[in-house]
Amino acid sequence: MAKNKRHAILAALLSLLCSSVLAQGLSPDDTGDYVLLHSKTQKPTTTFMRLFLEGEQWMLDGKRGDEGWQPVCRAEGNCRLRDSSSADIATLFAKAPDDMCKEYDITCIQNIAQAICRLDGKNGDDKIYLMFALVTGKPIPIELRKVR
């Protein structure tokens, strides 16, 4: 079986198994400034991103340290952020622990290079933000902390 076909079948199966995956994007409540957390220490780095809406289109700015904000994605071409499908989300979380889908409702937006996801704990209080780098061929999760 061809690799792409096998991958599509696996993603479809995972999306069926993970009923908490919501094929919708983020909400206006997710607009704000985020700091990327170090993957090992979970301490804030000096890299920030600003997620905001222009009408119904998500936009993304970035900065390092005290530098000014710079445009990252302005809804053009492959950079355009779109709602992730259930299959997209299943692919992003394919290596996640099996119980994650039972504990969280997951929504994401993405483009060709990255995905930004919100995981809402079903207990009501827990909310996690992740960014996935997609340019390496396999999704690499980076935790975000909303700072404003």
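How many salt bridges does the structure hold? The structure holds seven of them, where a salt bridge is a side-chain nitrogen of Lys or Arg within 4 Å of a carboxyl oxygen of Asp or Glu.

Before you click on anything, some ground rules. This is a predicted model, where local features need pLDDT of at least 70 and side-chain atom pairs count only at pLDDT 80 or more, while totals for chains, interfaces and linings use all residues. Residues are numbered from 1 along each chain as its sequence is written, and side-chain values use heavy atoms, with hydrogens and water left out.

**Stop 1: D33 and R148**

Select D33 and R148 and show their side chains. They meet in a salt bridge at 3.0 Å, N to O. This pair links distant parts of the chain: D33 sits in strand β1, R148 in the segment after β9 (140–146), and 115 residues separate them. Helices (H or I, at least four residues) and strands (E, at least two) are DSSP runs, numbered from the N terminus.

R148 has 61% relative accessibility, so R148 counts as exposed. For these words, buried means under 20% relative accessible area, exposed means over 50%, and partly exposed is in between (1.4 Å probe, protein chains only).

**Stop 2: K122 and D105**

Next, pick K122 and D105, whose side chains form a salt bridge at 3.7 Å, N to O. Here, too, distant parts of the chain are linked: K122 is in the loop between β7 and β8 (127–133), D105 is in strand β6 (residues 104–110), and they are 17 residues apart. K122 is partly exposed, with a relative accessible area of 46%. D105 is also partly exposed, at 25%.

**Stop 3**

Now select D120 and R118, which make a salt bridge at 2.8 Å, N to O. R118 counts as buried, because its relative accessibility is 9%.

**Stop 3: Q114 and its neighbours**

Jump to Q114, in strand β7 (residues 114–121). What does Q114 touch, not counting residues up to four places away in sequence? The list is L60, V72, C73, I109, M131, F132 and L134, with contact meaning heavy atoms within 4.5 Å. Q114 has 12% relative accessibility, so Q114 counts as buried.

**Stop 4: two positive phi angles**

Head for Q42, in the loop between β1 (32–37) and β2 (44–54). Q42 is not a glycine, yet its phi is positive, at about 60 degrees. Q42 is partly exposed, at 31% relative accessibility.

Then select A75, in the loop between β4 (70–73) and β5 (82–83). A75 is a residue other than glycine with a positive phi, near 60 degrees. At 18% relative accessibility, A75 counts as buried.

**Stop 5**

Select D29, in the loop between α1 (3–17) and β1. D29 is exposed, with a relative accessible area of 59%.

**Last stop: D99**

Finish at D99, in the loop between α2 (86–92) and α3 (100–103). D99 is partly exposed, at 38% relative accessibility.
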